[in-house]
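Student: I would like to learn how to read a strand in its setting. Please take me through one.

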Amino acid sequence: MAAPAYREAGDGPLTLVLLHGIGGNRHVWPAQFDTFVAAGYHVVAWDMPGYGESAMPAEPTMAALADSLRTLLDTLRSTSEASDAPRFVLVGHSMGGMVVQELMARGAPATRDVAALVLCGTSPAFGKPDGDFQREFVRQRTAPLDAGKTLREMAEAIIPGMLGEPDDVTRASAHALAVDAMGALTPPAYRAALQALVGFEQRAALARLNVPVLLIAGEHDTNAPPKVMARMAESIPDARYVCLPGAGHLMNLTHPAAFDAEVRTFLATL
């Protein structure tokens with residue numbers, strides 16, 4: 001399997017692997033690259049299969065996406081010094097957090113060298129792909145495409161509701177970046193991601209997570225509400241849960257200082 005495309009910068013004993021959500025790409029982490037490269041970390045952000053410069057997944061399933069993440073980690077291991085094997089901290093936002101959970105559910109050797117997880121704006125399950133709710137979810141999300149709307153037009157309609165309560169300047173920059181990212185998607189990639197998303201179910205795997213986990217919720221996130229993430233934390237043996245005041249779903253873009261501070265505090269414990 002070919003490795004997905006990725007962006008990287010920095011050097012250090014820990015490699016932060018940043019995994020975006022359904023409307024993102026490797027460019028939706030600008031503050032995190034600045035913060036964590038400057039702090040002495042190796043930072044990597046992928047284009048999920050079908051996104052950016054990454055090829056479409058072999059099949060539209062969460063398992064296929066987890067296979068691609070494993071290939072990325074293998075690629076990063078192969079490019080590191082033999083005497084300095086990387087330790088990975090997987091940082092998954094929204095759907096990216098689900099891909100992380102899918103990989104971790106496999107256990108060793110797929111999770112070799114994973115030192116910790118940061119799960120933000122995500123959940124442990126969506127449901128079964130043939131359920132009525134799931135079919136209706138896909139129908140609603142694809143109806144604008146079927147009616148001739150572009151993904152950029154769709155982004156302009158839905159991104160404002162994901163921003164929470166940042167200041168005006170940050171709101172404008174976060175809105176522009178998020179719309180550009182979703183607008184760069186192709187309809188086939190978006191449809192494939194939706195199909196993978198609705199089949200995700202890893203609630204039972206939370207209790208088997210054997211690394212430290214930081215869960216970050218946004219106060220105003222309606223995609224992954226704080227109460228959902230708080231319940232996730234209760235099921236994980238070594239978990240820390242925080243909720244960012246004023247933040248919505250796109251917390252790393254709209255509240256980067258608070259987001260990065262929580263991650264840095266967590267990393268210092270590893």
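Student: Is strand S3 (residues 42–46) largely enclosed or exposed, and how many of its 5 residues are buried?

Tutor: First, the ground rules. This is a predicted model: local features need pLDDT of at least 70, side-chain atom pairs count only at pLDDT 80 or more, and totals for chains, interfaces and linings use all residues. Residues are numbered from 1 along each chain as its sequence is written, and side-chain values use heavy atoms, with hydrogens and water left out.

Tutor: Strands (E, at least two residues) and helices (H or I, at least four) are DSSP runs, numbered from the N terminus. Buried means under 20% relative accessible area, exposed over 50%, partly exposed in between (1.4 Å probe, protein chains only). In S3, 5 of the 5 residues are buried, so the strand is largely enclosed by the rest of the structure.

Student: Which residues of S3 lie on each side?

Tutor: His42, Val44 and Trp46 are on one side, Val43 and Ala45 on the other. Both faces are covered.

Student: Which strands are joined to S3 by bridges?

Tutor: Two strands pair if DSSP finds at least two bridges between them. S1 (residues 6–9) is joined to S3 by 4 bridges and runs antiparallel. Here Ala9 stands opposite Val43. S2 (residues 14–19) also has 4 bridges to S3, but runs parallel. Val17 faces Val44 across that pairing.

Student: How many helices and strands does the protein chain have, and what share of its residues is buried?

Tutor: The protein chain has 10 helices and 7 strands. Of its 270 residues, 52% count as buried.
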